[in-house]
Amino acid sequence: MVQVEYITIKNASRKVLDKMRTIGEDKAQRLQTIQERWDAGDYKDVEVVQL
């Protein structure tokens, strides 16, 4: 899977900006959930291979 780190959109419409904001919020929520599960010890025998 290819990761995209930076996206530049010139003259973006309101709909595009709203979609990008939604994507960012969803990602933040997923990361928060993972962090909470990690802190609670839900993950057993896990090896972190890339940060």
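A pocket is defined on a 1 Å grid over the protein atoms alone as an open set of points where a 1.4 Å probe fits, with protein on both sides within 12 Å along at least five of seven lines, and its lining residues have an atom within 4 Å of a point. The legends below describe a predicted model, in which local features need pLDDT of at least 70, side-chain atom pairs count only at pLDDT 80 or more, and totals for chains, interfaces and linings use all residues. Residues are numbered from 1 along each chain as its sequence is written, and side-chain values use heavy atoms, with hydrogens and water left out.

**View 1. The largest pocket and its lining.** The lining comprises 21 residues, and Gln 3, Lys 27, Arg 30, Leu 31 and Ile 34 lie nearest the centre of the pocket. The space in this pocket is about 960 Å³, a volume filled by probe spheres set on grid points that are joined across faces, edges and corners. By class, 14 of the lining residues are nonpolar, four are polar and three are charged. Here Ala, Val, Leu, Ile, Met, Phe, Trp, Tyr, Cys and Pro count as nonpolar, Asp, Glu, Lys and Arg as charged, and the others, Gly among them, as polar.

**View 2. The aromatic pair.** The structure holds one such pair. The ring centres of Trp 38 and Tyr 43 are 6.2 Å apart and the ring planes stand at 45 degrees, so the pair is tilted. Rings of Phe, Tyr and Trp (its six-membered ring) pair if their centres lie within 6.5 Å; planes under 30 degrees apart are stacked, over 60 edge-to-face, and the rest tilted. Trp 38 is partly exposed at 44% relative accessibility, and Tyr 43 is partly exposed at 31%. Buried means under 20% relative accessible area, exposed over 50%, and partly exposed in between (1.4 Å probe, protein chains only).

View 3. Helices (H or I, at least four residues) are DSSP runs, numbered from the N terminus. Asn 11 has a positive phi of about 55 degrees although it is not a glycine. Asn 11 is exposed, at 80%, and Glu 5 is exposed, at 66%.

**View 4. Asp 45, after the helix.** Asp 45 belongs to the segment after H1. Its phi is positive, about 50 degrees, although Asp 45 is not a glycine. With 85% relative accessibility, Asp 45 counts as exposed.

Notes
Helix = DSSP H or I, 4+ residues; strand = E, 2+ residues; numbered from the N terminus.
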